[in-house]
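Visitor: Could you walk me through this structure, please?
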Amino acid sequence: MSAPILGAVIVDHTPDFPPKTPPPPKRPISPPRPETSLAGTARARMQVRNRRSANWSLEAAAWSPKKASAHVLGRLHEWGYREADEAAAGLTELLVRTAVADGGRRVSVHLADQNRQALIVALSHRPGLAVADTAVLPELTGLGAVSCGTDTAEDGRRVWAVLDL
């Protein structure tokens, strides 16, 4: 021991009990639960990967279907497909005509190919459409589409068709 300091009391006493610590939590705090309703979810963005693709944005006008058809046929010719010109032109014109009829300011046309098939998509970009109109689907199959579909979301209606090349 060292020498005592004047006026200081030195106590060599150890407590009889352990120091008080807070009890552990009964259950770990969990993060908030995610929203699981589908009502407010946006549709998946269209992604084209590992294949050739092209897209064009056009004014929503009466001349747009012919212009889109010329773009699609030109690109298909660049890619070496010339056999399905009539079907590709007819499908593209109908898809774009359907998108123009939605009344938006512009339409976009997307084209991709894989395994001697072409995917042609027209998007109307007119928000606020209520329900996807499926009346166009029989016309698309009549023009040679092996698969087709339509859906509506906040960013407009998407109409698509797959064509064997």
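Guide: We will start with the sheet and then turn to a helix. This is a predicted model, in which local features need pLDDT of at least 70 and side-chain atom pairs count only at pLDDT 80 or more, while totals for chains, interfaces and linings use all residues. Residues are numbered from 1 along each chain as its sequence is written, and side-chain values use heavy atoms, with hydrogens and water left out.

Visitor: Okay, what order do the strands of the open sheet have?
Guide: The five strands have the order β1-β2-β3-β5-β4, with antiparallel pairing; strands are DSSP runs of E with at least two residues, helices are runs of H or I with at least four, and two strands pair if DSSP finds at least two bridges between them.

Visitor: And which strands stand at the edges?
Guide: β1 (53-59) and β4 (145-153) do, and each has a single partner strand, so one side of each is left without a neighbour in the sheet.

Visitor: Changing topic, which residues of α1 are buried?
Guide: Ser-64, Pro-65, Ala-68, Ser-69, Val-72, Leu-73 and Leu-76 are buried, where buried means under 20% relative accessible area, exposed over 50% and partly exposed in between, with a 1.4 Å probe and protein chains only. They cover an arc of only 160° around the axis, which puts them on the same side of α1; the arc is that of the directions from the helix axis to the C-beta atoms.

Visitor: What do they pack against?
Guide: The buried residues of α1 pack against β1, α2, β2 and β3, contact meaning heavy atoms within 4.5 Å.

Visitor: And which residues are exposed on the other side of α1?
Guide: Lys-66 and Glu-78 are exposed there.
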